[in-house]
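Me: I'm new to this one, so could you walk me through it slowly? Here it is.
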Amino acid sequence: MTKAASPDEGLLLALLNTTPTVAGEAQDRLADPEEARSWIAEHAGEGHPGEDLGLLRSTRDTLQALVRGRATPVALAPALSGVSYQPVLGDTGLSWRLVTPREHALAARAVVAWDALRQTAPGRLRSCENTDECTLFFVDHSKSNSARWCSMAGCGNRMKARRHYERRKNAQAID
């Protein structure tokens, strides 16, 4: 069975990016239960029943480790427990609907989105190379697959300015 690329790429990135570095300090937007409920409501809708927050955090941590090459996909098994695809026949043909347990729908959708990217755009989901100041992830949609930073305006600009400063400093030291 072949499935199209996941429509949940945005959900996957949002989940991966719930641990940003702000003013040099690591944050966790899923650590505080109230903030986590707000995040879940934003990504699943207000009427979404109790997502297993522990499983969502664990899935996020595993996905982050996978992208960084520090884990294997087997660690995602808990998020996929009870998950299946159901065929849906319509006027235009057959499609597939993801069926998940209600308590870990977001975790399962994020894992399925990760796998879709892994298959359709291998190596394009990555973490920002500004590892000293940034912990964000992005999907490289550039034609050349050469993006290195979560944002050219932010991290890319800082890293290029830093390299330029170092080159000038080294050139002046030689003179």
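Me: Let's start with Leu-117: is Leu-117 buried or exposed?
Reply: Leu-117 is buried, with a relative accessible area of 7%, where buried means under 20% relative accessible area, exposed over 50%, and partly exposed in between, using a 1.4 Å probe and protein chains only. Please keep in mind that this is a predicted model, in which local features need pLDDT of at least 70 and side-chain atom pairs count only at pLDDT 80 or more, while totals for chains, interfaces and linings use all residues. Residues are numbered from 1 along each chain as its sequence is written, and side-chain values use heavy atoms, with hydrogens and water left out.

Me: Which element is Leu-117 in, and what is Leu-117 in contact with?
Reply: Leu-117 lies in helix α5; helices (H or I, at least four residues) and strands (E, at least two) are DSSP runs numbered from the N terminus. Leaving aside neighbours within four places in sequence, Leu-117 is in contact, meaning heavy atoms within 4.5 Å, with Glu-9, Leu-12, Pro-122, Leu-125 and Val-139. The C-alpha atoms of Leu-117 and Val-139 are separated by 8.7 Å, and these residues are 22 apart along the chain.

Me: How many residues are in the largest nonpolar core?
Reply: The largest nonpolar core has 27 residues, and those with the most contacts inside it are Leu-12, Trp-39, Leu-56, Leu-63 and Leu-125; such a core is a set of buried Ala, Val, Leu, Ile, Met, Phe, Trp, Tyr and Cys residues joined through side-chain atoms within 4.5 Å. The elements giving two or more residues to this core are α1 (9-16), α2 (33-44), α3 (53-67), α5 (105-120) and β6 (137-139), and α5 gives the most, with seven residues.

Me: Changing topic, how many disulfides are there?
Reply: A search of the whole structure finds zero disulfides, a disulfide being a pair of cysteine sulfur atoms within 2.5 Å. As for individual cysteines, Cys-128 counts as buried at 2% relative accessibility, and Cys-134 is buried with a relative accessible area of 9%.

Me: Last one: where is Ser-127, and what does Ser-127 touch?
Reply: Ser-127 is found in strand β5 (residues 125-127), and is partly exposed, with a relative accessible area of 21%. Not counting residues up to four places away in sequence, Ser-127 touches Val-67, Arg-68, Leu-136, Phe-137, Phe-138 and Arg-148.
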